[in-house]
Amino acid sequence: MTAVHCRSSTEPETWTRANKPLGTSQAPFSTVEFCLVLLAVFFSPFQYLRHPSFYLTLGDVFMAAALIFMIINKNLPRLPLGRASSFLFLGNGLLVGSMMLSSLINGDAARGMIVSLQYLFALLVVPLVVLARNQRQLGILVKAYILSIGAICLHGIYVVKIEGQIATLYVSGTGRLESLIGQSNQSGAIFAMAIMLLIWLVESGRLRIVYGLASAALLLYAILLTGSNGALIITFFSCGIYFISKLTFARMLLFGPIAIVALAFFAIQGVEFMPEAFKKRVLPAFQSGNISEAGTFSDRYNLIVEALGRAGDSL
């Protein structure tokens, strides 16, 4: 059965323009446009797939190509955020204007132009391209992104647990997973965000709960491999707030015993299954109750100062 969407008199024009099922648009290259957006979303986390001379990733190339086809198809939304679009344009204008002004004052207009274009691409072009989609297309894009993150997690588990890499392109010298994204804390934060997108897919009925649980387990283990305190905190609080907001008596009876059993298993045997990076960097803070043992900003600042001092003595 096909759902029919009827436009109300108050519905923004930009939404109706993008609210066409995949492949039914009258534009000549609509399918090509969406395929390019799909590829851009899939390859966006792969930061190592970039030009060797300057920071241009494969995802950026597909995103720019999708923008060109959107212009050809006359499919650019004039109000990507509806009534809030003015804040998007004003914010980008103030940001770029401030950077250009400071660059001109410091006599480096070329650098200011490069950085401004990078910010405009990330904060304006990407929303314009991604938001010009209907709900069905957005669901497909989120699935593609989760699939991409899953592939990165599997690769990370392989290089850490099977190959045992240390101090390589994908693993830091302390054994923390840096992955194809390129940095441990950044990887952990992206994995944590992917968990929330995964919950949305399951909650909206776009993904079966069995696949959702399997994917969540993969993402959680990858977060542990990164040894990122921030990623673990983000995951705990974001998931906790979400489930508390959705909590009912029936769900409490269903998931309460499961949570108790999981916590008991972790307390008794779970530590043995934790990655070494997690046990060395994160676990001591949880066991002692002293969060400072997980590393603080002041500790990192002192390390930076010491590194700069030694570099100055050596160069």
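In this predicted model, the axes of α6 and α7 approach within 10 Å and cross at roughly 140 degrees. An angle over 145 degrees would count as roughly antiparallel; α6 and α7 are therefore oblique to each other. The crossing of α6 past α7 is left-handed. On the α6 side, the residues that meet α7 are Gly139, Val142, Lys143, Tyr145, Ile146, Ile149, Ile152 and Cys153. Their counterparts in α7 are Ile190, Phe191, Met193, Ala194, Leu197, Leu198, Trp200 and Leu201.

Helix α6 (residues 135-162) also packs against α8 (residues 209-226), with axes within 10 Å and a crossing angle of roughly 50 degrees. That angle makes α6 oblique to α8. This crossing, too, is left-handed. From α6, the contact includes Ile149, Gly150, Cys153 and Leu154; α8 contributes Leu218, Leu219, Tyr221, Ala222 and Leu225.

The make-up of the two contacts by residue class is as follows.

The largest nonpolar core has 45 residues, and Val129, Ile149, Phe191 and Leu219 have the most contacts inside it. At least two residues of this core come from each of α2 (30-43), α3 (58-72), α5 (109-131), α6, α7 (184-203), α8 and α9 (229-245). The most are given by α6, with 10 residues.

Which residues does Ile149 touch, leaving aside its neighbours within four places in sequence? They are Pro45, Ile190, Phe191, Ala194 and Leu219.

Methods: Residues are numbered from 1 along each chain as its sequence is written. This is a predicted model: local features need pLDDT of at least 70, side-chain atom pairs count only at pLDDT 80 or more; totals for chains, interfaces and linings use all residues. Side-chain values use heavy atoms; hydrogens and water are left out. Axes are lines fitted to C-alpha atoms, for helices over the stretch in contact, and angles run from 0 to 180 degrees between N-to-C directions. Helices (H or I, at least four residues) and strands (E, at least two) are DSSP runs, numbered from the N terminus. Angles under 35 degrees count as roughly parallel, over 145 as roughly antiparallel, 65 to 115 as roughly perpendicular and the rest as oblique. A crossing is left-handed if the near helix is turned anticlockwise from the far one by less than a right angle, and right-handed if clockwise. Contact means heavy atoms within 4.5 Å. A nonpolar core is a set of buried Ala, Val, Leu, Ile, Met, Phe, Trp, Tyr and Cys residues joined through side-chain atoms within 4.5 Å. Buried means under 20% relative accessible area, exposed over 50%, partly exposed in between (1.4 Å probe, protein chains only).
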